Amino acid sequence: MTAGNISLDNFRSTCRLRVGETDLTGFISKQNVANFLGIPFAKVAARFRTARRIDLEDLHGDVDATRYGPRCPQKVDTIHPIMCNVFEKLSTEQRTDEDTCLHLNVYAPLEGTVKSNAEKIPVFVWIHGGGFNNGDNTTEFDGNHLVQRSMELGKPIIIVTFNYRLNLFGFSASLELIEEAKSLGETPVMNQGLNDQRLGLQWVQSSIQYFGGDASNVTLGGESAGAASVLYQIRGGQPLFRQALIQSTPRLRLGTLKESQAAFDKLVRSAASQRMHRALKSSQLYGQCPQRESSSYLMAQFQHRWKIQPAEWCPQVVLGCTKDEAALFFMNMTHSNEGQIVDFLRSIVPDAPVATIFPGGKPTLQALIEWMTNDVFTHPTLELAAKVIENGPKLFLYTIDLVDPFPGPLHGYAWHSFGVPLTFYQPPGRVYPRFQVTQEKMSASYINFFYGLEPWEPYRAAGRQMSWNGERTGVVNVKPSIVEDSGDNEILSIPQPPTGSPENRVTNQHDLFGDHFNDTKIYSSTGKMASNPPQGSMGKTVLVSLAVMCGSFTFGIESGTIAGFQAMEPWLKDYGYYDASLGAWNIHTNIQTAVGGVVLGGAVLGSIVSGPLGSRFGRRPGLFAIGVSAILGAIFQIVYPSLGLLLLGRVMQGVAIGLASNFVTVYQSEVAPTQYRGIMISLYQLGINIGGLIGTCINEGTHSMTTRWSYRIPLLTSLFFPTLLIIVTIFLPESPRWFLSVGRTDEAFKSIQRLRGKEYPLSQVQSDIDDIAQHIALERELEASSSYLDLFKGTDKRRTGIVVGVLLFQVLSGITFINSYGTYFFQVSGISNVFVVTVIASVCQLSGLLVMYPTMRFMGRRAILLWGAAAEAVCLFTIAIVDVAAPGSNAAAKCLVAFTCLFGFFFTWSWGAVGWVVASEASSTTLRSKTQSVGTAASWAMTVVISVVVPYLINPTAANLGGKVGFIFGGLTIIAFIWAYFYLPETGGRSLEELDELFLDRIPARRFKSYKSSGLEHFANHTASAVIGDKKGILIVQHEDKEYPV
């Protein structure tokens, strides 16, 4: 049986529960516990809207409760996997869905669910942690083992775990959302995530009786952000539980309405318009929204002091933390030196007392962990205890001194979240006796607590707490180090805006749970904002990108040299024939076609194998493979003048080209910081052009030789760059993105450190890790949610046409003909010094590429492609007309040279480079990789056609068109101009999200540049859309057979 995406191995048999008109199907586990999973307890009307509770009797019909439901969309948690030893299973791969993530799981003794007259038993409700950004209610909180333990002790309990909306989905608020709620007759709620928790607790009050639970005896527990949630629920004032279990709570502060408004405005701007934040898929929106900075996973929104109001209806509270809470968040710093530790500390707490934190002046990781644990967890817990012992609930304090016994990075630490597997009686750790003893004693104490008994001696004024530590477990004295409250910050207080301010439009501040969680700032433990972390040196990254340019040099040199070989007499003697009619050596058209065609076949093969090779083994093996393939290809052509070896060598060089076109650009893009990524990727095309120039220059130096060394020397020199690539790859770090894609987080961390250098802050390294991991998760979700058929539906059909069109016309311009057969074409056209001319043509192409960079900024993509097509057409038609008017003349030869060089300049300035930019920008976010693959496949296919046809057009033994071939390619270029004028939009100066809007609105290509993006009002009145109804107060707009709640 599976539960969502998670495999379960404890299924024993099916069980059913009938409530009114609802038939709930669950299963009985091997622990003899009834499991009812994924029960919806609330329904989300629309993104950012208040959910509506669904009681059990409201469901009706058959309800499958045998599987975990989806989690709220969230960024990838790179810390979570290192906890895996102490849990049976992790839920990091659970699917996401913001609309149906509000569900809960019930684990109950079988007797209570089948006997309606059985005595009602206590209920333990759990709220998961994750910094309000990550987590779900699934396998880490599997209640089977603790419920089984309670039955063994003769005090059975029921466990309920529920989900709530996270991050921007659960903690976004703004004046616009408040006004929307009022207009729909709802009470504005600033913290939907906390309100979701409240709805779950209300569900327990109304429905837990059907499972044998006592709604009047509910204990609410949570860890980390879940523990902070328990405190907020106490602050919320509704008596939905009787006592609380608060584990490892940091001093989380929820931001004010003003702060949340700023974050919401950022979100709207990043989503291009107000409508887009609801029209886009959750994965798209989450990938584009402003994320919480993460200089440390832990260091966000911490306050200086807790304050809690006593609640008479919650008379007992268990409160505590682990000995080494902060260890979990600093595992990537295991190999850091003293300077890096101090830099990291100052990046998150600028005014940290370094001398106090590191006694003796020697910064160590252990000292940092101890200070952060005390400052963020231990001291606030003791301060809270001191404040409530007189007027608050009866408090039971604890500390977990037992350390992780498993080998691994957390070995020897009582880390943050270590209390969860102990609390839920997870079995893996019981192979260690001290772990098992601690679990048995802790579970017995907590179960007594759930029954309203004292679990151990209360804290009181004597300051006693429980120390969980195997056989040494027992109550010990506490000597709290309480710092007087400076009053700098308050948590759980209600913000009081000035009278008449916009914030006063919220009528029920109490119902908003006080402050609102702000997603955009970092606070040190003293409440002050940390400065932006300094950027490390990018010198290493630049050197790495330049080093892998050897792959594109290999591509360019191959293209430059083979074109010249076909004009070298020794090469023609080895592979061609003597043409008496010409009085010179020539080559058969079919051999000429094969020489060019097999390279393309090899390139296709290289492109195909690069996918599985790169996914399984990484990017560095791909770079090695480029070098090996290129070396073998050159050697096969050098050793013996055999047509078979020539073609085999050309195939191997084609494989190298196919591998290079994938691995070089991928590696450069993955190692470069975001702000330098475009420049680094452009080095690939630059390398090809420089390599081509090098190849033609070498040919110019050897073509006059009368022996085979005329072409063997260029082949020998072509060995230099692939050999250099192999050598430098030995010392290159693997791509951090690949490491993360295969779950090797620690190695990804070290890779970024190597790439960025010692000056790069460790906090920023962790931030990079988080961002990359999130992008990987987003890409996987987008890939899984789309198909190739989607490319030809709705507005994506237009976008696919643009991508395929621009890449096809790029090839149809005739550049393949110039690059692959240029030298031979010049020779059969009667031009002397053909190798010098080829060098000049290569220089012109390189110049066009260099000119492209500045001109694209002020001319735009569309204008450059239009002017480029026009200029190319003029060049090609001039060549053709002069060849007709004065064939074989000196004037025709000079014209051919001049306009071929100009054609090369205009091509690389326009379609050669800008075409790829447009192809990338025109693709929709969800279909980008699929659109690119279709466009690239079309480009390769057309390249094969051109390579096969051109020899028959220019060879004297075939069509022998000579310069008149310009009529063919010139005509195709005119078609490209017409197509671009009517069909190609200006994609420059727009975010990808704005482009999404313009394509959705079907804006004509010529109006893209001047069109202004519209907002929510325009979408609601869209001429291409139709308002199809008002579903329970939500305006539903239909657009292209899809429904969007506005």
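This is a predicted model: local features need pLDDT of at least 70, side-chain atom pairs count only at pLDDT 80 or more; totals for chains, interfaces and linings use all residues.
**Exercise 1: the whole chain**

Find how many helices and strands the protein chain has, and what share of its residues is buried.

Start with the elements. Helices (H or I, at least four residues) and strands (E, at least two) are DSSP runs, numbered from the N terminus. The protein chain has 35 helices and 22 strands. Next comes burial: buried means under 20% relative accessible area, exposed over 50%, partly exposed in between (1.4 Å probe, protein chains only). Of the 1046 residues, 60% count as buried.

**Exercise 2: strand 5 and its partners**

Work out which strands pair with strand 5, and whether strand 5 is enclosed or open.

First, the rule: two strands pair if DSSP finds at least two bridges between them. Strand 4 (residues 22-29) is joined to strand 5 (residues 33-40) by two bridges, and the two run antiparallel. Across that pairing, I28 stands opposite A34. The two strands form a hairpin with three residues between them, and N32 in the turn has a positive phi of about 65°. Now look at strand 9 (residues 103-109): six bridges join it to strand 5, again antiparallel. Here P40 has H103 as its bridge partner. Finally, seven of the eight residues of strand 5 are buried, so the strand is largely enclosed by the rest of the structure.

**Exercise 3: C875**

As for its setting, C875 is buried, at 2% relative accessible area.

**Exercise 4: P570**

Say where P570 sits and which residues it touches.

Begin with helix 16 (residues 569-575), where P570 is found. P570 is buried, at 6% relative accessible area. Contact means heavy atoms within 4.5 Å. Leaving out residues up to four places away in sequence, P570 touches M705, T706, T707, R708, S710 and Y711. Y711 is 141 residues from P570 along the chain, yet their C-alpha atoms are separated by 7.8 Å.

How values were computed:
Residues are numbered from 1 along each chain as its sequence is written. Side-chain values use heavy atoms; hydrogens and water are left out.
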